[in-house]
Amino acid sequence: MALRKFSILAFLKKNFDFITGVLGEIGLTVLIMGAALAICLLLVFVKSVI
Amino acid sequence: MSWKVCFLVAILLLLIVPLARAESGQALIENSASFDGKTVTFTGEVIGVLMRDNYAWVNILDNEVAIGVWCSAEDARKVTVIGDYRHGGDTVEAIGTFRMADPEQGGDLDIRADNFTVVAVGQELSRSPSLPLVTFSVVLMIVAIFVAIFLRHIRKEKERIVPWPFH
Amino acid sequence: MIPALTREDLKIIGYNLSRISYLMGGILLLPIIVAVIYREIDTIPFFLIGASLAFILGSLLNHFLETKKEMELKHAVVMVAVGWLLAPVLASIPIWLSNATASYLHASFESLSGFTGTGLTVATDIDHLSHSINFLRHFLQFVGDGIGIIVVSLSILGKTKISSVLAFKGEAKELGIRPSIVRTSRIIIGIAITFLIVGTILFAAAGIKEGLNPGTAIFDGLNHSMTGYATGGFSTRSQNLLFYHSVWVEVAAIVTMIIGALNFNLHYAILGGKRKEILKNIEVRILFFSLLALGFLVSANLIFSNLYTSPDSLFRKGIFHVISGQTTTGFQTAPPQHFMLLWPAFSMIVISIAMILGGCANSTSGGIKMVRIGILFKSIVREVRQTLLPRSAVVRGTFHNIEDTLITDTMIKGAAVIAMGYIVLFTFGTMITVAHGYSVESSMFETSSALGNVGLSSGITSPSMPFVVEVTYMFLMWAGKLEIIAVLVLMGFIILGLRKGIKK
């Protein structure tokens with residue numbers, strides 16, 4: 001039986017939506033963390049000024 | 001007369017000079033504010049070592065309360081047995097500064113050790129299977145299989161004699 | 001008039017419970033694989049005993065209560081409520097046999113806390129627990145809360161019938177993914193496994209980077225991924241995530257917690273290509289706003305009370321615990337006693353509010369849920385607009401949750417009833433706890449943690465907690481998981497049986 005050639009590119013193309021979806025959700029969490037960190041930096045700055 | 005003087009001096013010294021006494025994990029956690037920034041002695045079992053380049057975190061457990069100790073990698077390498085299901089870990093004594101919210105470690109509760117000693121080496125814990133329990137578990141499993149097969153057989157017989165929906 | 005209960009009603013419920021029992025038998029055999037890998041042969045009998053008892057019970061229920069009659073809504077709801085007690089009782093057997101807890105009551109508490117995805121723990125000496133028992137604790141959260149035992153039973157043993165649909169809804173899940181309930185259940189499992197793998201990779205990579213050996217990093221990573229996605233909060237360590245002293249582990253935890261708090265329908269839409277839903281969805285927007293607003297309040301309170309003063313400590317303590325609380329996970333990076341003894345009361349109250357608000361509907365999170373908060377908020381706006389506009393004007397409110405939905409009075413009523421139920425139980429639980437000598441803010445904190453199936457603890461939950469408080473929190477965990485209505489239906493069922501008797 002001939003083995004089907006596995007192509008990473010073909011796999012990525014076939015599961016493009018799925019993979020970008022997972023990355024998108026991780027991206028959302030990174031966005032939340034980034035915004036939260038910005039709040040922390042702002043608070044430290046405000047405290048240093050007061 | 002001289003022995004009386006010696007005795008009195010000894011009593012006075014005992015009262016004035018505080019004995020080096022390890023703080024319990026419970027005491028440190030519950031009175032963190034009063035211990036913050038002070039030198040403490042903490043003794044317990046090692047339950048975790050995380051090496052970080054030239055330093056390391058050694059988590060020490062004392063009677064259900066664990067505290068992380070930040071020490072040198074060299075000190076951490078003295079630990080030979082880490083506590084887990086099969087092992088009682090090394091008993092170590094760490095002397096250092098207690099921080100209830102260490103700003104250099106992201107606000108973690110920790111002890112920055114100046115002195116780190118392995119007091120007793122850990123040992124293997126005996127975890128042999130209990131024969132009565134093993135026997136009981138095997139018997140119960142056989143009973144479960146038997147019950148399932150037997151009841152299924154009864155149900156099949158019932159369906160053969162009186163087909164559903166006439167049960 | 002509500003008809004009296006019949007024996008057939010009890011048969012229908014009992015017969016369908018046999019499925020749960022069989023499933024539990026299978027689940028309790030799985031940790032044996034872990035026991036073999038780690039050569040913890042002495043723990044295997046615990047799982048064999050638990051599984052055997054589950055199979056025997058399942059066989060007896062299946063045989064003696066056999067009926068071909070379909071479940072109606074009342075049966076499905078009662079079956080789910082009872083099933084969510086039966087499953088933890090069966091799972092508590094190996095936990096008790098292994099001496100992971102001091103008593104059978106504690107083992108039941110631990111098991112219920114696992115199943116409901118709460119994460120409050122009364123286990124003793126977690127750092128010396130066997131890998132197999134530890135795995136069971138975490139796996140219970142993944143199966144019970146991350147997926148849902150009704151969902152699992154449907155996908156493995158189920159057929160697409162009305163009764164299955166009703167049981168699915170009874171587990172506080174709404175349809176919407178696929179027409180077939182069995183297919184929907186399998187999709188939920190697929191999503192859970194996807195993010196389990198993602199979470200395990202993130203945790204393990206962080207663990208190895210921060211000094212763990214690969215074997216430990218993978219074991220801990222798998223378990224924390226299970227409880228992170230399930231927004232459960234159990235940990236393999238007594239210090240919880242503080243054990244790792246690592247911002248990378250905490251970041252991995254935040255990723256899994258937030259993903260776990262998102263709606264299953266949203267996951268399905270995004271993974272199917274509708275990427276815009278990430279930011280269009282009402283629940284994501286409210287969650288985003290809520291996390292940042294409450295995070296700001298807590299961080300401001302902490303910095304101005306001089307407890308945590310650097311940006312990274314504010315993020316790793318303040319923001320982290322707000323996210324852990326609102327997603328109802330319960331991972332902690334501070335000792336429980338610090339919440340009670342060091343943290344300012346205002347921060348405790350804000351986190352309590354976050355825990356009650358909860359995550360998205362149809363997710364692994366607990367709490368009142370973001371969509372209900374959104375509906376209630378929009379209804380208030382609608383009321384104000386209606387009052388300001390001429391009488392003849394009709395004000396419509398809509399929200400976007402995968403698709404644009406009109407807010408109806410039925411929706412508002414449903415949201416309000418659940419919210420009211422939470423507030424009543426929250427008040428009840430807080431009063432019971434305060435009556436045992438704990439401070440008001442700690443009592444509020446711990447009660448909202450149990451009711452919202454969160455798991456953050458201020459130290460009240462421990463092996464030495466008072467009996468009445470422990471039983472109260474068990475009730476709150478169970479009621480909170482089933483969003484209260486199923487529990488009330490069960491109580492109604494019992495009262496009906498007592499009042500009118502059980503007819504033939």
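**Chain contacts, core and packing**

Q: How many residues does the contact take from chain C and from chain B?
A: Two residues are in contact if their C-beta atoms, placed from the backbone, lie within 7 Å. This is a predicted model, in which local features need pLDDT of at least 70 and side-chain atom pairs count only at pLDDT 80 or more, whereas totals for chains, interfaces and linings use all residues. Residues are numbered from 1 along each chain as its sequence is written, while chains are lettered from A and ligands numbered from 1 in the order in which they are written. The contact takes 40 residues from chain C and 42 residues from chain B.

Q: Which element gives the most to the side of chain C that touches chain B?
A: Helices are DSSP runs (H or I, at least four residues), numbered from the N terminus. Those of chain C that give two or more residues to this side are H3 (44–64), H15 (311–326) and H16 (336–341). The most, 8 residues, is given by H3(C).

Q: Which helix supplies the largest share of the side of chain C that touches chain A?
A: This contact takes 27 residues from chain C and 21 residues from chain A. On the chain C side, the helices that each supply at least two residues include H9 (181–209), H11 (247–260) and H14 (282–304). The largest share, 9 residues, comes from H14(C).

Q: Which residues touch the most other members of the largest nonpolar core?
A: A nonpolar core is a set of buried Ala, Val, Leu, Ile, Met, Phe, Trp, Tyr and Cys residues joined through C-beta atoms within 7 Å, where buried requires 20 or more other C-beta atoms within 10 Å of a residue's own. Of the 200 residues in the largest such core, the two that touch the most other members are Val58(B) and Ile60(B).

Q: What distance separates the centres of domain 1 and domain 2 of chain B?
A: Chain B is divided into domain 1 (21–124) and domain 2 (129–167), with bounds from an automatic or database domain assignment. Taken over C-alpha atoms, their centres are separated by 54 Å.

Q: How are H20(C) and H21(C) oriented to each other?
A: The axes of H20 (residues 440–451) and H21 (residues 467–481) of chain C come within 7 Å and cross at roughly 45°; axes are lines fitted to C-alpha atoms over the stretch in contact, with angles from 0 to 180 degrees between N-to-C directions. Angles under 35 degrees count as roughly parallel, over 145 as roughly antiparallel, 65 to 115 as roughly perpendicular and the rest as oblique. H20(C) and H21(C) are therefore oblique.

Notes:
A residue is buried if 20 or more other C-beta atoms lie within 10 Å of its own, exposed if 12 or fewer, and partly exposed in between; C-beta atoms are placed from the backbone.
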